[in-house]
Amino acid sequence: MNRLQLCYYPCPGQPKLRIYYTHDVNVLALSHIFGILDRFNGVTPAFSSALVFETRRNANGTYVKIFQKNGQKADFVDTNNCASDCSLATVTSGASPLAITAQIPCA
């Protein structure tokens, strides 16, 4: 997420969409980091579960919406992880103890 702080829209040469695939234990760990673990009702995420981190901009800057899907037949739902728009700084501070600190500029 540090890359997002260095990048200003549009970020030349960078794709608008990035997709990362992972295992259920990683989805579970990320859910714990962002305080939405309860969405899985105490069980390991089902096959095809997913988290989506959508970055948006408004007059106050960059903010993040987190959506979650539990299983193949489930819909994506807004986790409402913040009462209003979660600033990028708020989201990254929650994950900062586990974040990679290398600075990677847009190229």
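## Working through the model

Colleague: Where does Lys-65 lie?

Modeller: In strand E2. Helices (DSSP H or I, at least four residues) and strands (DSSP E, at least two) are runs numbered from the N terminus.

Colleague: Ground rules before we go on?

Modeller: This is a predicted model: local features need pLDDT of at least 70, side-chain atom pairs count only at pLDDT 80 or more, and totals for chains, interfaces and linings use all residues. Residues are numbered from 1 along each chain as its sequence is written, and side-chain values use heavy atoms, with hydrogens and water left out. pLDDT is the predictor's confidence in each residue, from 0 to 100.

Colleague: Back to Lys-65. Buried or exposed?

Modeller: Buried, at a relative accessible area of 18%. The cut-offs are under 20% for buried, over 50% for exposed, and partly exposed in between, with a 1.4 Å probe and protein chains only.

Colleague: What does the side chain of Lys-65 make a polar contact with?

Modeller: The side chain of Asp-78, at 2.7 Å. A polar contact is a pair of N or O atoms within 3.5 Å; within protein, one must be able to donate a hydrogen and the other to accept it, and residues adjacent in sequence count only if both atoms are side-chain atoms.

Colleague: Which residues does Lys-65 touch?

Modeller: Val-52, Phe-53, Glu-54, Arg-56 and Asp-78, leaving out residues up to four places away in sequence. Contact means heavy atoms within 4.5 Å.

Colleague: And Asp-78, where is that found?

Modeller: In strand E3. Asp-78 counts as partly exposed because its relative accessibility is 23%. Beyond four places in sequence, Asp-78 touches Arg-39, Lys-65, Ile-66 and Phe-67.

Colleague: Gln-68 next. Buried or exposed?

Modeller: Gln-68 counts as buried, at 5% relative accessibility. Gln-68 lies in strand E2. Outside four places in sequence, the contacts of Gln-68 include Arg-39, Phe-40, Asp-75 and Thr-79.

Colleague: New topic. How many residues are in the largest nonpolar core?

Modeller: 11: Val-27, Phe-34, Ile-36, Phe-40, Leu-51, Val-64, Ile-66, Cys-86, Leu-88, Val-91 and Ala-95. Strand E2 (61-69) and helix H3 (88-95) each supply at least two residues of this core. H3 gives the most, with 3 residues. A nonpolar core is a set of buried Ala, Val, Leu, Ile, Met, Phe, Trp, Tyr and Cys residues joined through side-chain atoms within 4.5 Å.

Colleague: Which residues in H3 are buried?

Modeller: Leu-88, Val-91, Thr-92 and Ala-95. They cover an arc of only 95° around the axis, so they sit on the same side of H3. The arc is that of the directions from the helix axis to the C-beta atoms.

Colleague: Where is confidence lowest, and where highest?

Modeller: Lowest in helix H1 (residues 2-6), at a mean of 51, and highest in strand E3 (residues 77-78), at 86. The mean pLDDT of the protein is 77, and 83% of its residues reach 70 or more. Where pLDDT is low, predicted coordinates should not be read in detail.
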